[in-house]
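These are my notebook entries on what I looked up in this structure.

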Amino acid sequence: MNELLEILKGVRPDIDFEKETALIDNEILDSFDVISIVSEVNEAFGVEINMEDLLPENFNSAEAIYALILKMQG
Amino acid sequence: MAFTSLGFLFFALATVTLYFVFPKKWQWLVLFAANLYFYSTYEIRFLVFLLAAGLISYAAALILEKQNRSSELALKNAGAEDKDRVRRENLKRKKRIAAIAIPLILSSWIVIKYGRFFISNINALIGISGTPGKLPEPEWILPLGMSFYTFHAIAYLIDVYRKKYPAERNFLKYFTFLSFFPHMIQGPFSRFGELGKSIFEEHRFSTDRLREGSARILWGMFKKIVIADPLAATVSTILGDHQAYGGVQILFAVFVYSVRLYADFSGYMDIACGLSHILGIRLAENFRRPFFAKTVDEYWRRWHVTLGFWFRDYVFYPASMGKAGMKLSKWARSKWGPRMGKLISGYFALIFVWTATGLWHGANWTYLVWGYLNLFVIVSTMQLGEVYDKITGKLHIRRESLPWKLFCMLRTFLLISVFRFFSIAPGLKEAFSTLGHTVLDFRPALLLKPSGFLIGMYREEILMAGAGILAMLVVDILQEKEKWDALKAKVPFGLRAFIYACMLLMITLMVKGADMSQGFMYANF
């Protein structure tokens, strides 16, 4: 989780990712942020997040993103 | 049947009445019939294109759904070493289905909308090469709503492909969504997962919804008939003969065009959302006070919002997250550092988004230039973001101060309006000629003569449209400050009735005949 938080802070240092739970619903992250996160997460965790996973519920919080990574790692 | 015609008002009244008289379980059938009737009032023969788009997307979605289910079953039964292979095979099959269905859905729209553009460019090339003879240029009429329902059908198909929701089994239900009359002519771009759910829920009649929805319909009609329609005369008079006017007058006409387009398009949306609200159906919003945008990028997150969402989900993400986008990102990161690595795949995807956005608005080089101008400013703003931060910091500019915000809003409005020189002009030659004339023959002294601006409008029209624009601005400011709903609730019944009566009176005074108004501008796209 710490590694993910580092990635997220690297993309958007102005967001408190430990508190935010509506990153997509409240349009806190924009589409450029989302593709940056996907690209860095894919590389750091060796997963392949694809279009089917680009759902608001998977990106609304750091925890949701982490749960997606764990799910993809099987 | 225009949304602002008397006929539409009777049709809407009959639809609402029948909708709530019918047993709740079958309410959607009233909409199905209303959709067909509404479409048939334009050109019934064009129904065949809508039906074809519906049938292809419906059948392909069912096949994709079947593929999704069989893949899930195979994954359950597969051993750990086989799972990847099963996933890859499933993806391959799904891609094959989508690769057949999507071009099929798009084909008639592309041929009808872009056929003439394509052939005229071939003819131009033939002319340049000196070869005798020309290909005949077709004069096809784009069927009503085709640019919208084609995109609805594709979105539905891709969403099922991505397993966002299951395919609809009942064709009549799916067709009711696809042909839903409030979003047929000008959108919004709806998603089956949201609008479909809302359409097929059972709805009770609500007097609150009737009151709120009717007020919004009235507001939409007011924007269209009192503001948008009278402004058309000024725009067409000045831009139709730009050589006769000074640059300052032309620029003013382009500003007026921007305001007119907003009143026209958002007015339509108010009528569509208001009517849907009466029925208990939630239609996606398309506008978030676009003229308060401080950058061009922000403007596009406030103007025609659902078109932006469509391109984000079905063009931007696939292009930026695809193999080419990701490779480009890695390459840029190793060459120019993490910042460019982050931005480059997005820029790459934006080229597709703005090419598509430009062409979606019209089959003309002018729309492509218009799209690329937007792209250039958006990319430049992002690319120079750090430099901009440094400059404003060194100049001690308080970016949260009202004067700076106002400056940014005016700058954005000016940029968007200048881009419109291209979207308004019939051709590139005319666009550059108008732009050149505006700059080279600006005639600022005309500013001292206000009568030289609102040309082609009667005094009464100027007064009423002016009052309408002021009212629209006040409502937008209050909505932007999130004070509108609270204020509305506080307005006593008498004052509310008086305001509605005034609006109705102004609409009645502006109405010219049974059609009540001109056609909506975005219906032409």
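**Entry 1**

I started with Phe255(B), which lies in helix α9 (residues 247-279) of chain B; helices (H or I, at least four residues) and strands (E, at least two) are DSSP runs, numbered from the N terminus. This is a predicted model, in which local features need pLDDT of at least 70 and side-chain atom pairs count only at pLDDT 80 or more, while totals for chains, interfaces and linings use all residues. Residues are numbered from 1 along each chain as its sequence is written, and chains are lettered from A and ligands numbered from 1 in the order in which they are written.

Is Phe255(B) exposed, partly exposed or buried? I noted that Phe255(B) counts as partly exposed because it has 17 C-beta neighbours inside 10 Å; a residue is buried if 20 or more other C-beta atoms lie within 10 Å of its own, exposed if 12 or fewer, and partly exposed in between, with C-beta atoms placed from the backbone. I also noted that the C-alpha atoms of Phe255(B) and Ser417(B) are separated by 6.0 Å, although the two residues are 162 residues apart along the chain.

Next I looked up Met146(B), which has its place in helix α5 of chain B and is partly exposed, with 19 other C-beta atoms within 10 Å. Not counting residues up to four places away in sequence, Met146(B) touches Phe49(B) and Trp109(B), where contact requires C-beta atoms, placed from the backbone, to lie within 7 Å.

**Entry 2: backbone details in loops**

I found a cis peptide bond from Gly187(B) to Pro188(B), with omega near 15°, and Pro188(B) is found in the loop between α6 and α7 of chain B.

I then turned to positive phi values in residues other than glycine, and noted His396(B), with phi near 55°. His396(B) sits in the loop between α15 (385-394) and α16 (402-424) of chain B, and it counts as exposed because it has 6 C-beta neighbours inside 10 Å. Arg443(B) has a positive phi near 50° and lies in the loop between α17 (428-440) and α18 (459-480) of chain B; with 15 other C-beta atoms within 10 Å, Arg443(B) is partly exposed.

**Entry 3: chain B and its domains**

I recorded 20 helices and 0 strands for chain B, and 36% of its 525 residues count as buried. The C-alpha trace of chain B spans about 80 × 65 × 60 Å along its principal axes.

In helix α6 (residues 171-178) of chain B, the buried residues are Tyr174(B), Phe175(B), Thr176(B), Phe177(B) and Leu178(B). What covers them includes α2 (27-43), α3 (47-77), α5 and α7 of chain B.

Chain B is divided into domain 1 (26-202) and domain 2 (210-524), with bounds from an automatic or database domain assignment. The centres of domain 1 of chain B and domain 2 of chain B, taken over C-alpha atoms, are separated by 28 Å, and 20 residues of domain 1 are in contact with 22 residues of domain 2. Which element gives the most to the side of domain 1 of chain B that touches domain 2 of chain B? I found that α5(B) gives the most, with 5 residues. By class, this side of domain 1 has 12 nonpolar, 6 polar and 2 charged residues; Ala, Val, Leu, Ile, Met, Phe, Trp, Tyr, Cys and Pro count as nonpolar, Asp, Glu, Lys and Arg as charged, and the others, Gly among them, as polar.

**Entry 4: where the chains meet**

The contact takes 14 residues from chain B and 9 residues from chain A.

Methods
Contact = placed C-beta atoms within 7 Å.
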